[in-house]
Amino acid sequence: MSTSADTRPLAGKVALVAGATRATGRAIAVELGAAGATVYCTGRSTAGNRSEMDRPETIEGTADLVNRAGGEGIAVRVDHLESDQVAALIGRIDAERGRLDVLVNDVWGGDHLAEWNTPVWEHSLERGLRLLRLAIDTHIITSHHAFPLLTRHPGGLVVELTDGTTEFNSTRYRVGCVYYDLAKVSVNRLAFAWSHDLRPHGGTSVAVTPGWIRSEAMLEGFGVTEDNWRDATAAHPHFAISESPAFTGRAVAALAADPGRGRWNGLSTTSGDLAKAYGFTDTDGSRPDAWRYIVEVEEKGLPADTTGYR
């Protein structure tokens, strides 16, 4: 019979999900909450103030989902490019909880700035540099302020969310956009750098990449919902390998609950790899292995067939 410790392994733990408004960040916050954690959910989109993404999801909505999952969700509006705002956030967490056990750097917000398959001289310089600031500077600023609290107690975990592993990205020019390519390579490198900073303090840093995520924007773009997402495979056959944001949420929760997570320190891994290691599944009971599928099926021009990949 499962005990409460089995079902709530993160009870008493405090997490900060930076970039928790929607998609993967929201799902990570919810899964950490389901495991019993107190989760500070930060971002720029609130009920009365949308970010430049101009989408309806809010940090209050994420905090509510965390509460409904069984955790404690706390929404705090923070622009992670503003050092004083991040410092105030960490000061608040320290004052209210006195500890930080998990930091998830998921701030992104750059899709609308990228000009896909566009050479650097034709890409807007202003938009490109803004993308880099959102994708990289936010993570560095947040880590700068959060790590003193994260390292106060041994065992702290930082997860850097990116797109593509170090190995995958090293031989591919991601979607023909230097700014996007540099952003995703850099986040993997940050996780590697943090591993060296945190090791003397008993901490762990891991870069995690989801597969083809069924985010709110992705589902809208394909004209489907999470309930009927398979309908989109008629026009986009390889969408069959896609995964829900909850899959990565469960990956991060599994890492956070693993007392032996130090073996992942400095590594770049995927939601699919972590599912194999920890035994969790996506919401439909499958274990999509999107990155292996991309290499072995999609990139080779083979017909869409997820047999053996989910």
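Residues are classed as buried under 20% relative accessible area, as exposed over 50%, and as partly exposed in between (1.4 Å probe, protein chains only). The structure is a predicted model, in which local features need pLDDT of at least 70 and side-chain atom pairs count only at pLDDT 80 or more, while totals for chains, interfaces and linings use all residues. Residues are numbered from 1 along each chain as its sequence is written, and side-chain values use heavy atoms, with hydrogens and water left out.

The sheet was examined first. Helices (H or I, at least four residues) and strands (E, at least two) are DSSP runs, numbered from the N terminus. Two strands pair if DSSP finds at least two bridges between them. Strand 4 (residues 102-105) and strand 5 (residues 157-161) run parallel and are joined by 4 bridges. Opposite Glu160 in strand 5 stands Asn105.

Contact means heavy atoms within 4.5 Å.

Asp163 lies in the loop between strand 5 and helix 6 (166-169). Asp163 counts as buried because its relative accessibility is 17%. Leaving aside residues up to four places away in sequence, Asp163 touches Asn169, Arg174, Tyr180, Lys184, Thr209 and Trp291. With Tyr180 there is a side-chain to side-chain polar contact of 2.4 Å. Such a contact is a pair of N or O atoms within 3.5 Å; within protein, one must be able to donate a hydrogen and the other to accept it, and residues adjacent in sequence count only if both atoms are side-chain atoms. From C-alpha to C-alpha, Asp163 and Ala20 are 17 Å apart in space, and they are 143 residues apart in sequence.

Cysteines were then inspected. A disulfide is a pair of cysteine sulfur atoms within 2.5 Å. The whole structure contains 0 disulfides. Cys41 is buried, at a relative accessible area of 0%. Cys177 is also buried, at 0% relative accessibility.

Aromatic rings were treated last. Rings of Phe, Tyr and Trp (its six-membered ring) pair if their centres lie within 6.5 Å; planes under 30 degrees apart count as stacked, over 60 as edge-to-face and the rest as tilted. The count comes to 11 aromatic pairs. One of them is edge-to-face and joins Trp212 to Phe222, at 6.2 Å centre to centre and 70° between the planes. Trp212 lies in the loop between strand 6 (204-209) and helix 8 (216-222), and Phe222 lies in helix 8, 10 residues apart. Trp212 is partly exposed at 23%, and Phe222 is partly exposed at 21%. Tyr293 and Tyr309 also pair edge-to-face, at 5.4 Å centre to centre with 85° between the planes. Tyr293 sits in helix 11 (residues 290-298) and Tyr309 in the segment after helix 11, so the pair ties together parts that are 16 residues apart in sequence. Tyr293 is buried at 0%. Tyr309 is buried at 12%. Ring pairs also link Trp212, Phe222, Trp229 and Phe239 into a cluster.
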